[in-house]
Amino acid sequence: MTGDGMKEFIDLRSDTVTKPTPAMRKAMAEAEVGDDVFGEDPTVNTLQGKVANLLGKEASLFVPSGTMANQLSIKSHTQPGDEVILESSSHPYNFEGGAGAALSGIQFRCLQGVRGILEPAQIEEAIRPSDHHFPVTRLVCLENTHNRGGGSIFPIEKMAEIYRLSKTRGLLVHLDGARLWNASVATGIKPHEYAQWADSVSVCLSKALGAPIGSLVAGSKLFIDRVHRFRKMFGGGMRQAGIIAAAGIYALDNHLERLKEDHQNATHLAMGLKELKGVSIDPKHVETNIVIFDVAGSAMKGSQLAESMKKEGILIHAIGKTQIRLVTHLDVTADDIEKTLKAFQKILGKK
Ligand SMILES: Cc1ncc(COP(=O)(O)O)c(C=O)c1O
């Protein structure tokens, strides 16, 4: 049982379900604060400097969510009527409430990737000719790691090629780096090395890193000035936000390197799942902390499996009729993974 009397579940639905640790809460309680709308919150300013530095950009701005970070970037890069190229299962296209159309008046051009990864040639082919019949292709959005791609890592060489192509064709590049930290820890490639191949980058503190809230947008000083104006317009200005920025600073200082454990746990899950009846999964596709698998070969629908697992004290997310997503994180231990595999085995049986 938890302090609030709720039954303690092993929660693998998302890496957003983490609770702040006692040390993180202490850092939050002790944070120096000011009014950030006046630019006077020292903790927010420290976080923004730190993230700009980590991403090798001139500036960054603290915002409440990854959705706001992406949508402010789209808004700041485009004009109504522009076309934005992205992958068809990407977050900004599917899971941000239609904000691209509603808030920026842009249209998305969706390209089918392989586990979320696009080829430079696909993008080249999708760029509109300059002719008044067509929308203006303005922006390319990439996602690294790719959520619905199963935490897949966008290879840096492909990012570089897409960026160079974009520059020769007058396009801008935005990177949805909600889980760029995972890509970086898994490959050893620094966040700023990835970020050099994008004009703007959004990163989240409330996913794998375990902070309760917060994302940042990074880019040139001029770009961030524009993002700042739109953040005000979208109602995203926050006052004594140092309270939450402190959690982000703590997370970056203490929870980055440990992402390796989440990746190991995810691989272990995938290896175990592979042995179960009716499950299709290729453990090679599990590159970071997300595991997506299919139970089409079993008698169960994804939602039924989720119900049965809940009875075993484990929460999982059915993302399609027969597709399940599991996400490892700070509040999931190696022992929890063993328990999870045992419960799956009890329900599905061994091959
Ligand atoms: C890749 C990606 N981008 C953006 C977001 C949006 O973040 P938020 O839920 O903070 O708006 C998410 C959320 O899961 C995500 O997975």
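Reply:
**Strand pairing**

β9 pairs with strand β12 (residues 323-327) in the antiparallel sense, over five bridges. Within this pair, V291 stands opposite L326 of β12. Note that the model is predicted.

Now widen the view to the sheet itself. β9 and β12 belong to an open sheet of three strands, ordered β9-β12-β11, with antiparallel pairing. The edges are β9 (290-294) and β11 (317-318). Each has a single partner strand, so one side of each is left without a neighbour in the sheet. In general, strands of a sheet pair through backbone hydrogen bonds, either parallel or antiparallel.

Next comes the other sheet. Seven strands form an open sheet here, and the pairing is mixed. The order runs β2-β8-β7-β6-β5-β3-β4. At its edges are β2 (59-63) and β4 (107-111), each pairing on one side only. From one strand to the next, the twist averages 20 degrees.

Strand β7 (residues 200-204) and strand β8 (residues 215-219) run antiparallel to each other, joined over four bridges. C204 faces S215, a residue of β8.

**The ligand site**

The ligand sits in the second largest pocket. Around the ligand are S65, G66, T67, N70, H91, E96, E143, N147, D176, A178, R179 and K207. Helix α3 (residues 66-77) gives the largest share of this shell, three residues.

A polar backbone atom of G66 is 2.8 Å from an oxygen atom of the ligand. N147 uses its side chain: a polar atom there lies 2.9 Å from a ligand oxygen. R179 also brings a polar side-chain atom to a ligand oxygen, at 2.8 Å. Taken alone, the ligand exposes 390 Å², and the protein buries 84% of that area.

**Backbone exceptions**

As a general rule, most residues other than glycine have a negative phi, and most peptide bonds are trans.

Which peptide bond is cis? It is the bond that joins N144 and T145, with omega about 0 degrees. T145 is found in the loop between β5 (137-143) and α7 (156-168). β5 is one of the strands in the seven-stranded sheet.

Which residue has a positive phi although it is not a glycine? R115 does, at about 45 degrees. R115 lies in the loop between β4 and α6 (120-126).

Conventions. Residues numbered from 1 in each chain as written. Predicted model: local features only at pLDDT ≥ 70, side-chain atom pairs only at ≥ 80, totals over all residues. Heavy atoms only, no water. Pairing = 2+ DSSP bridges. Helix = DSSP H or I, 4+ residues; strand = E, 2+ residues; numbered from the N terminus. Axes fitted to C-alpha atoms, helices over the stretch in contact; angles between N-to-C directions. Near = heavy atom within 4 Å. Polar contact = N/O pair within 3.5 Å; in protein donor to acceptor, adjacent residues only side chain to side chain. Areas by Shrake-Rupley, 256 points an atom, 1.4 Å probe, with all protein chains shown as cover. 1 Å grid on protein atoms, 1.4 Å probe; cavity = no way out; pocket = protein on both sides within 12 Å on 5 of 7 lines; lining within 4 Å. Sits in = over half its atoms within 2 Å of the grid points.
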